[in-house]
Each structure stands twice: as structure tokens, then as C-alpha cells.
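Please look over the structure shown here before reading on. The questions and answers below are meant for a student who is new to reading protein models.

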Amino acid sequence: MPSTQRLSDVVATELENRILEGSLKAGDRLPSERELAVELGVSRPSLRGALQSLAAKGLLITRHGGGTFVTDSMQAAFTDPWQQMLKDHPDIHGDMLEFRHMLEGQAAQLAAERGTEEDFERIRQCHEALERAFAAQDLAMCIKTDVDFHQAIAEASHNVMIGHLSSSLHKVMEGHVQGNLEYLNARPELWAQLQAQHRAIWDAVRERRMELARSAANQHLEFVQMTMRENLKNEERRTAAVRRLENR
């Protein structure tokens, strides 16, 4: 490390790394200045300089009397325009699914290869929460735990791009994910297949079977693509039927 590098820059880099790796997430509140300065082994003026630097980049925001928080600027820069694009151009929905297909297959393979015991414990907890939500058919909790499960695998890949793109992509497609889970929930045989696919991904990842993990994730996404297409076609048929009824 160059001797001319300011301590506040070193601290800023450390905090920025935590944001990149996902240990500090959008919405997280940082510890108090006193606690964080002790943790990092620096003076409070050096810490303040680092926080000001990250705030200038849009990564942190300080709320008077409320503390300092991680912003969603990295995610919003991706999600905001693409959410609007998806709304204005529904035909690119298939492209989004293809991209998710590539991303999650690679994420599962890398998670099986690189995941730590701590990563696997988090994935296990997410999978158990997902199983409970599916068993209870609690749709709101199913949506949350489904996203949490896939995001835990993405972050276990230890590739910062995969982690952030996965989080952003789930945000962009959240409306479609909800619609698809509602569609599957009404069809018990498909609902059971979805549960089995999640178990297969988790089993392959924890057994460090890299190619099998990738294959299981790909099969899951192929299933999701197929059922989303069916759901969209059903919606189009319903819309057409309503128009015909109104025009009679």
C-alpha cells in the first residue's frame, strides 16, 4: 500500500469492498461512528472522511438523528430503466429470462466450487424457510424466500458481479415472479415440481457437485421459462375474451 495513501481512503476502500461483496446491503444501517471507528482501528475524523467520500459517490446517505445507511444506488441504476423497458416492451421479457438462465446456472456452479461453510449455512436456512413457506402455501412468504434462496446462492459464488446483477434482476422481474408463483400455486403438480427443483439445486451445491448444480439450476430456469410463457399466454387469452365480451 503506498505510504502516501490517506487513512480515510483506506477506510473508504474497506467499506466499499463490504458493499461490493454484499456484507453491507442496501438499506443496512452502519454502526455508530464510535463503534465503527473502534472496529476499523481508526480515529473518528478519518472515519468521517471515508463516510463523506462514499456519500459523495452515492453509496451512503446520512439521516440527521437516524444514522448512516447504504443506499440502493448501485441497484437502482440498473433496475429503474429496465423496469420501465420491460413495462413498455413486453417482448423483451423472454430475453430477461434467458439472461437469468445464464446467470443462475453459473452462480450455482461457482457456489458449489467456492462456497464456504458459512455460505452453505445461510443457503440451508434460506432453503428451510422456503420449504416452510411452500408447505404453508403462504404466497407472500414464498416470493420473499424464493428470492432469498437464489440470492444466497448468487452471493456464495463469490463473484461480485453475479451477486449484484442477481439482486438487480430479481428486483426488475419481481412482478413477473409473483404472477408466476400465483399461477403455479393453483396447480399442485407444478407446485410440487418447483419444490423438488429447489431441493435439487441445494443438494448439488452442498455436495460440491459443480456440473450437477449448474444443470439443476438450468432445469429449474427452463421450467420457470415454460410456465411463465404459459401464464402470459393465458393472460393474453383472458384479455382477448374480455374485449370480445365488451364489444358484443
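This is a predicted model: local features need pLDDT of at least 70, side-chain atom pairs count only at pLDDT 80 or more; totals for chains, interfaces and linings use all residues.

Residues are numbered from 1 along each chain as its sequence is written, and side-chain values use heavy atoms, with hydrogens and water left out.

Q: How far apart do the C-alpha centres of domain 1 and domain 2 lie?
A: The chain is divided into domain 1, residues 7-70, and domain 2, residues 75-247, with bounds that come from an automatic or database domain assignment. Contact, meaning heavy atoms within 4.5 Å, takes four residues from domain 1 and four residues from domain 2. The C-alpha centres of the two domains lie apart by 32 Å.

Q: What is the area buried between domain 1 and domain 2?
A: The size of an interface is often given as the accessible area lost when the parts come together. Buried area is here the accessible area (1.4 Å probe) that two parts lose on being put together, summed over both. Carbon and sulfur atoms give 49% of the area buried between domain 1 and domain 2, and that area is about 320 Å².

Q: Which residues in domain 1 lose the most area to domain 2?
A: The side of domain 1 that touches domain 2 has two nonpolar, no polar and two charged residues, where Ala, Val, Leu, Ile, Met, Phe, Trp, Tyr, Cys and Pro count as nonpolar, Asp, Glu, Lys and Arg as charged, and the others, Gly among them, as polar. Together, 81% of what that side buries comes from the residues that lose the most area, namely Leu20, Glu21 and Lys25.

Q: With which residue does Lys25 form a salt bridge?
A: Side chains of opposite charge can pair when their charged atoms come close. A salt bridge is defined as a side-chain nitrogen of Lys or Arg within 4 Å of a carboxyl oxygen of Asp or Glu, and across the interface of domain 1 and domain 2 the rule finds one salt bridge. For Lys25, the closest N and O atoms are 2.7 Å apart, and the partner is Glu155.

Q: Is Arg18 buried or exposed?
A: Buried means under 20% relative accessible area, exposed over 50%, and partly exposed in between (1.4 Å probe, protein chains only). Glu14, which forms a salt bridge with Arg18, is partly exposed at 33%. Because Arg18 has a relative accessibility of 19%, Arg18 counts as buried.

Q: In which helix does Glu39 lie?
A: Helices (H or I, at least four residues) and strands (E, at least two) are DSSP runs, numbered from the N terminus. Arg18 forms a salt bridge with Glu39, the closest N and O atoms being 2.8 Å apart. This pair links distant parts of the chain, 21 residues apart, with Arg18 in helix H1 and Glu39 in helix H2.
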